[in-house]
Amino acid sequence: MTSESADNPPSSVPDAPHAPPTSRAEASAPDLERRLEDIVSTIQEFAALRFSARAPVGSEGDIVDAVAAGVNFLGEELDASFSEIERRVADRTEELSIAMKESGQRALHDQLTGLPNRVLFWEHLSLRVKLARRRKTRFAVLFLDVDDFKVINDTLGHAAGDQLLVDLALRLHSALRAGDIAARVGGDEFVVLFDDVASREAALVVAERLNQALRVPYEMGAERRVVTVSIGVAVGPDGLHTADAVVGAADSAMYDAKRCGGGRCVLYDGDAQECLDRPQAGDTLG
């Protein structure tokens, strides 16, 4: 090797030119866009009331992850709040349903005795009158009035009178068959619809049996007292083509029973009744 070559080493071959390196921000731009889209999509789910949606939270720990975590926390809060609202709405709906049912019950039933009131009784009787042409059997309406009820109120007090009405209503109700209905239509006035009776005579016998059941002594404070009831009986259809006509006929017969001394049953026939002996409860229905 000559001194010249030692003093002047060969020049190196220049490297081929390279493209400038891509920055980290440029490399992560698509990923960042996807992550932001996930967050937006999660918020849109919240807007549609689907609060169980969650945005993915990565391992970068950057501002996007912080936003995603915040959105997820918001979803948890919304989910809990909405569940509570749903529960309250369900509770309130149930309360309103119960209130409406109770309101309907009060509108159609007597508050003291729990029996149907005039409105509900008239609905049942009106329907039975309409069905009269298609049914071979007759029906009967009884109009009952407690004898000397004012004396009971005046001597024993209104509380005792109210309790008597409640006890009497229980006895009435227990005597009913399927399809029959009893109602309180006034202070001490009750009506009963027997849906199916074989004849006028059978209706009168059934009414007398009911009258005897109501005669069983009642507990009134420290004493027991026998209470009598006057009953008018009207059998339909027999020319009675409306509920008002049937009840009016039974009411008229009840006043005949009162006129005859009370504590008895009278069958309506369009004329004032003679005061005859009561039929015996043991008679057959016919």
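What share of the contacts in the protein with a separation of 6 or more is accounted for by residues 24 or more positions apart? They account for 64% of these contacts, a contact being heavy atoms within 4.5 Å.

This is a predicted model, in which local features need pLDDT of at least 70 and side-chain atom pairs count only at pLDDT 80 or more, while totals for chains, interfaces and linings use all residues. Residues are numbered from 1 along each chain as its sequence is written, and side-chain values use heavy atoms, with hydrogens and water left out.

The protein has eight helices and seven strands, taken as DSSP runs (helices H or I, at least four residues; strands E, at least two) numbered from the N terminus. Of its 286 residues, 35% are buried, meaning under 20% relative accessible area with a 1.4 Å probe, protein chains only.

| Helix | Residues | Contact residues |
|---|---|---|
| α6 | 158–174 | L168, R171, L172 |
| α7 | 200–214 | L210, A213, L214 |

The axes of α6 and α7 come within 10 Å and cross at roughly 140°; axes are lines fitted to C-alpha atoms over the stretch in contact, and angles run from 0 to 180 degrees between N-to-C directions.

D147 lies in the loop between β1 (138–146) and α5 (149–156). D147 is buried, at 9% relative accessible area. Its side chain joins that of K258 in a polar contact of 2.8 Å (N or O atoms within 3.5 Å, one able to donate a hydrogen and the other to accept it; residues adjacent in sequence count only if both atoms are side-chain atoms). Beyond neighbours within four places in sequence, D147 is in contact with residues including T228, V229 and S230.

Definitions and conventions: Buried < 20%, exposed > 50% of the residue type's maximum accessible area, 1.4 Å probe, protein only.
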